[in-house]
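Please read the numbered points alongside the sequence and the model.

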Amino acid sequence: MDLNKILVPIDGSKKSFEALDRALTLAGFTHGQVTGIHVIPHVVDGGPRTKAFDKQLEDDAKIILKKAEKRAGNKNVKFTTKILRGSPGHVTLHTAKTGKFDHIVMSTTGSGSATKDMIGSVSNHVLQKSKIPVYLIK
């Protein structure tokens with residue numbers, strides 16, 4: 001089983017960091033690499049409030065990915081991060097395809113409203129549409 005390139009969507013939730021930990025462990029077995037992405041929405045250009053909101057989204061994304069880098073720092077795995085824009089499910093699938101990833105590892109629920117007994121809308125979308133294996137971490 002190839003685990004050379006693993007994509008992990010990270011939304012900042014505890015569960016998304018658990019998925020990252022699992023991906024780092026899997027990649028460690030094959031000396032693979034893990035890419036953590038955080039997807040923020042497109043913000044239409046506007047006035048000062050809109051610009052401030054967009055800046056806050058970017059700042060929050062940087063904090064989340066910095067935390068992810070810290071978690072990955074003690075593992076023997078190449079780890080990179082990216083902040084991307086758009087719809088999380090669509091962006092995850094597009095990134096997996098264009099980046100030629102082998103697997104996607106993600107949590108069943110993230111920062112949305114799904115409960116522990118449910119699968120979140122983003123996870124469900126990725127699971128249904130992905131052409132590569134998807135590991136869901138509960």
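1. Axes here are lines fitted to C-alpha atoms, for helices over the stretch in contact, and angles run from 0 to 180 degrees between N-to-C directions. Helices (H or I, at least four residues) and strands (E, at least two) are DSSP runs, numbered from the N terminus. The model is a predicted one, in which local features need pLDDT of at least 70 and side-chain atom pairs count only at pLDDT 80 or more, while totals for chains, interfaces and linings use all residues. Residues are numbered from 1 along each chain as its sequence is written, and side-chain values use heavy atoms, with hydrogens and water left out.

2. Helix 3 (residues 88–98) and helix 4 (residues 121–129) have axes that come within 8 Å and cross at roughly 35°. In this contact (heavy atoms within 4.5 Å), Pro88, Gly89, His90, Thr92 and Leu93 of helix 3 meet Val122, His125, Val126 and Lys129 of helix 4. These residues comprise four nonpolar, four polar and one charged. For these classes, Ala, Val, Leu, Ile, Met, Phe, Trp, Tyr, Cys and Pro count as nonpolar, Asp, Glu, Lys and Arg as charged, and the others, Gly among them, as polar.

3. Helix 1 (residues 14–30) packs with helix 2 at an angle of about 35°, the axes being 10 Å apart. Helix 1 contributes Phe17, Leu20, Asp21 and Leu24, and helix 2 contributes Ile64, Lys67, Ala68, Arg71 and Ala72. By class, this contact has six nonpolar, no polar and three charged residues.

4. Which order do the five strands of the open sheet take? The order is 3-2-1-4-5, with parallel pairing; two strands pair if DSSP finds at least two bridges between them. Strand 3 (78–85) and strand 5 (134–137) each have a single partner strand and stand at the edges, so one side of each is left without a neighbour in the sheet. From one strand to the next, the twist averages 25°.

5. Within the sheet, strand 1 (residues 5–9) and strand 2 (residues 33–40) run parallel and are joined by five bridges. Val8 stands opposite Gly36 of strand 2.

6. Two helices may also be placed relative to the sheet. Helix 2 (residues 48–72) lies across strand 2 and strand 3, running at about 165° to strand 3. Helix 4 packs on the sheet, where it touches strand 4 (103–107) and strand 5, and its direction makes about 160° with that of strand 4.
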